[in-house]
Amino acid sequence: MSTSVGEWRQHYLNAGYSVRSWLLTTDHKRIAILYLASITLFFLLGGVLAGLLRLELLTPHGDLVQAETYNKLFTLHGITMIFFFLIPSIPAVLGNFLVPMMIGARDLAFPRLNLASWYVYVLGGSFTIVAAVTGGVDTGWTFYTPYSSTYANTNVILTALGVFITGFSSILTGLNFIVTIHKMRAPGLTWSRLPLFIWAHYATSLIMVLGTPVLAVTILLVALERGLGIGIFDPVLGGDPVLFQHLFWFYSHPAVYIMILPSMGVVSELIACFSRKRIFGYNVVAFSSLMIAALGFLVWGHHMFVSSQSMYAGMIFSLLSFLVAIPSAIKVFNWTATLYKGSIAYQTPMLYAFGFIGLFTIGGLTGLFLATLAVDVHVHDTYFVVAHFHYIMVGGAIMGYLGGLHFWWPKMTGRMYPEGWARVAAAILFVGFNLTFFPQFILGFLGMPRRYHVYPPEWQILNVLSSAGASILGVGYLLPVIYLLWSLRYGAIAGPNPWGATGLEWQTPSPPPTDNFEKTPVVTEEAYAYSLPEASRG
Amino acid sequence: MAEHPSTLAHQFDDVEQQHEASNLGMWVFLITEIMFFGGVFTLFTVYVSAYPEAFAQGSGHLDLALGTVNTAVLLGSSFTMAMAVRSAQTGRRNGQVVYLLLTMFLGLVFLGIKAVEYLHKFEQHLVPGPNFSFASPLAKNVQLFFSFYFAMTGLHALHMIVGVGILAVLLVQAWRGRYTADYCTPVEVSGLYWHFVDIVWIFLFPFLYLVARHAT
Amino acid sequence: MTHNIVPSRIYLRVFVALLLLTAITVGASFYDLGGGRLHYLNAIVAMTIAVSKATLVVLYFMHVRYSSRLTWVFVGAGVFWLMILIVLTLSDVFTRHWIPVFPPWGSTGPR
Amino acid sequence: MWDRFRLFPEQASTLAGKVDSLFLLLVLISAFFAGLIFLLVAVFAIKYRRRSDTERPRPIHGSTGLEIFWTVIPLGITLTVFGWGATLYFTMSRPPATSMEVFVVGKQWMWKFQHPTGQREINELHVPLNRPVKLTMTSEDVIHSFFVPAFRMKFDVVPGRYTTTWFQATKTGDFHLFCSQYCGTSHALMGGRVVVMEQGDYERWLSGAVSEESLAAAGEKLFGRLGCSSCHQRVGTGRGPSLVGLFGNRVKLTTGETVGADETYIRESILNPQAKIVAGYPPIMPTFKGLISEEGLIQIIAYIKSLRIEEKAKAEP
């Protein structure tokens, strides 16, 4: 099965070099690479915008950019990071690459839909980019009515269409994963033997499929209201702008779980591999993914405690929000318990997993503040919220994404990344992240509202700290971009299984052949059978 | 792999797996459609209970006769679609062609009637926007009703147009005799889509045409 | 490959039933089924009929009656999730005016 | 830059201390759990670090007892916090009956205040110390949010409806007022201050501030000018129901339902008269949408409220 270095072997990367062979590919692995390239571009764009925002906030006066510009900057930062980076990040890149390989399939169930999803993504992205360069948009990524539908005079329709279109790429990915996981598992791969990465992606896909259409129709109605004058959320006609918030958050709260669940799946794989142990409480961790997906749909109203939503609904949503904290807590406890009596190695992916646990724990616990009715009244729409969701999305989702990217990089490219540099980058990211976002918790508690480019001078020190952290964070993100590209040419050649990991994806050469496996694997044991001696043979 | 029939895509092991996957795929897609239309239905439910009077007045200006005829036409097209799927499953080419043609025809009749209704609304200044006018103290809320009317029936009509396009492709392939008892997944799956669009109308019809009609 | 071929007459019967239900729902809309406190009775009748029609289409035309458990689960999940959206949204809208903005009705009030 | 630097916001309302206690409890809970997890991860990571590449730890499948333990404990804690938060939220949602009232109109990008005695302010709100203040708020354009960090109080200001919130200041001084719901270009500048004064100072301020006439008086004039009084007569039977004693009471509708007559109801009845028809009266009232401003509405509501008090005064001489 394994091939010695230097001998030519056909694999998915050398199956064709023409542009056409990439742009018309239906190979899930190549589509994953296409997604990787495009989301990285959007991530860099979003990152530059974030840098500008933090630069502006160095001083309390609003001296770098005008109010209009600042509003456009944070709107575009939110839209690119959420819709064009975080939501596709792990599912469309790592998921696309790994879901078929982990279940022993040759491809996803619908390879052409998969390619279509990338084109749809690019189309949606183009709309948004065009909207940005032809005047920008200043509604915030939340598009609250009636500001977005009536009062804003920026490119709302174009951006809304961009988000609407991109939603379909997410739907297609989710649909493909659900069908693939149901129907295309290798012989012997029962549900209770699936890697937790697959469970996490299954749960994520359910959210994508059930939630995204509601956002799509809502954002479409906003565009229609603006463009054609139908007025479903227009208070002038008796419409209720708060209803927009209901429908918006019906998707956009679960969307947080679209971002974090795949990351949790990655972390489960990393912790199992680098402590050489089965995940403690496998069943509970798998089930908790589904619980998060399901309960995640019942809590959206906690974004609306001060929106003039009924007090009684507020209480229901608060209670349900606390319940969704439980499965997340269970996951963290189980990961920690997995480390107990393990054989723990400190390679870069594991450092990211540690980082994930720490930052996600803080992010999750501060989520309790926001679920608590009376406390949320004070910290809602302040920097406390900003800090909280960055801890979840940047500290959680992106840490998991980077950990996974390093872990499977040898599988995807056949090359090892430089370990020393990678550890340095992980450490820089951890420090930079906390310095950027921890002060924002305090700022929020002090009462600094979000989306402000001018603020009272007594808050400058904390803002300066945050901006300083952001510059460290920027370095931390640039490093992997540089050394990963470098490794494509100069990295050490990776064997099929450099980590001694279990899982079907490691039983095929790196990079894998176009059909993934020479012959369909048969699974005879549960996931993470690290105690079996053959597991470490690379 | 022993043999790979030409209708079997490379990622599948056998025809059965491919058939099940396609069917499940379409059902998952239909769930997204449920949620898509469900969002608007949710809004409608809220507003119709907030402004029953205005929505009844708006509803009274819809053409119940045309709406009822259209309902029957669409139900009929669902019936012929079911028959087309059955012809494919039993491998009858002529049956497929005839029933697909009938389905397309009924679909186009539905769209035609819808277009006539739209035209009437346009002439009566019932299209939301600057030209909207309605002689009632509740005109604003009535405009809200017509916003829903056009958004909902418009989205539905868009789905119908897509459906007719799919039917046209199926028709060509059926004509060429591509669908047999062994391979008719595309017909079955498209049938699911067509029936779903029918179901959306089954709910739109009472929501828009019948709501609180007695009150006017 | 095995198909569950449904006899044509079942399709025909379902079609006729759908037409009948349409006629009933149109007819019922002309009658005020209960004024005053029961003003929502007409809506309930219309919705019940619509749900029955949709169920017929799903079970027979869409073959769910003859399909695997998995299909049932997915159809159920779709409807259930829609209910979540509707019920939780209405839980806000319908309870907004429950809380009196001044306590208790008809007593002293603001001075 | 270092002057006025602080890590803890000022407490200046009756609710601030209560919210902060709950906040601190959450901080303690978070610190405990985060600390526990960090400690365990660090200890395990060091103690069980890989010493040889051949080691194969014994697999542990899990423990139902532990799973139940760490499900039930967080559940218990969160339910407690929920209960506490909900109770406090309930208090926040119901202004005390003894509140003095201030009307708030938000618009891009300023706050307009009207006191019942007729004084108007922009971006500055003067209130007396130790007295509950009920805010009745609406917006002329987009959604805003009225946020005073020192009072731990925030509520959205929504076009097309009234929202209410309240506070009772416990400290004199100037406090930041922010708009916390993004509302367009100058969102960050839509703020001002709340000035809390001793009762005596407040009275002096009231008498010094320009006040044409009380809200109710202005409302009464508007009531006549718009022709309302031709149908809604004080005594006897006009074509519309008499409005005396209406506010704060229940109204029977033609549908058989009864609704409470609060600000929102009166507002709706003026702008959308057909929505709720009072039993025994024909639905003939035209809409006043477009004929009356948000501030005018507030004046008329103040007038209708005053009718209520007047009647009480007559009944109990």
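Trainee: Let's start inside chain D of this predicted model. Which residue is the bridge partner of D:H176 in β10(D)?

Mentor: Happy to begin there. The strands β9(D) and β10(D), the latter covering residues 192-197, are joined by five bridges and run antiparallel. One bridge pair sets D:L177 against D:G192. For D:H176, the partner in β10(D) is D:R193.

Trainee: Is β9(D) mostly covered or mostly open?

Mentor: Look at its place in the sheet: the strand order is β4-β10-β9-β6-β7 in chain D. The edge strands, each pairing on one side only, are β4 (124-128) and β7 of chain D. As for β9(D), five of its seven residues are buried, so by the cut-off of 20 or more other C-beta atoms within 10 Å, the strand counts as mostly covered.

Trainee: What is the average twist from one strand to the next in that sheet?

Mentor: This is an open sheet of five strands with mixed pairing. From each strand to the next, the twist averages 25°.

Trainee: Now the domains. How many residues of domain 2 of chain D are in contact with domain 1 of chain D?

Mentor: Chain D is divided into domain 1 (7-47 + 94-212) and domain 2 (215-315), and their centres, taken over C-alpha atoms, are separated by 31 Å. Domain 1 of chain D brings ten residues to the contact, and domain 2 of chain D brings nine.

Trainee: Which elements give two or more residues to the side of domain 1 of chain D that touches domain 2 of chain D?

Mentor: By class, that side of domain 1 of chain D has four nonpolar, four polar and two charged residues. The elements giving two or more residues to it are β1 (100-107) and β5 (132-139) of chain D.

Trainee: Moving to the contact between chains D and A, which element gives the largest share of the side of chain D that touches chain A?

Mentor: The contact takes 75 residues from chain D and 78 residues from chain A. By class, the chain D side has 45 nonpolar, 18 polar and twelve charged residues. Elements giving two or more residues to that side include α1 (14-47) and β9 (173-179) of chain D. The largest share, 16 residues, comes from α2(D).

Trainee: Last, chain A: why is chain A described as being as compact as a globular protein of its length?

Mentor: Its secondary structure comes to 15 helices and zero strands. The C-alpha trace of chain A spans about 70 × 45 × 45 Å along its principal axes, and buried residues make up 70% of its 538 residues. The globule rule gives 24 Å for 538 residues, so chain A is as compact as a globular protein of that length because its radius of gyration is close to that value, at 23 Å.

Note on methods:
Residues numbered from 1 in each chain as written. Chains lettered and ligands numbered in written order. Predicted model: local features only at pLDDT ≥ 70, side-chain atom pairs only at ≥ 80, totals over all residues. Contact = placed C-beta atoms within 7 Å. Helix = DSSP H or I, 4+ residues; strand = E, 2+ residues; numbered from the N terminus. Nonpolar A, V, L, I, M, F, W, Y, C, P; charged D, E, K, R; others polar. Domains from an automatic or database assignment. Rg over C-alpha atoms; globule rule 2.2 N^0.38 Å. Buried ≥ 20, exposed ≤ 12 C-beta atoms within 10 Å, placed from the backbone. Pairing = 2+ DSSP bridges. Axes fitted to C-alpha atoms, helices over the stretch in contact; angles between N-to-C directions.
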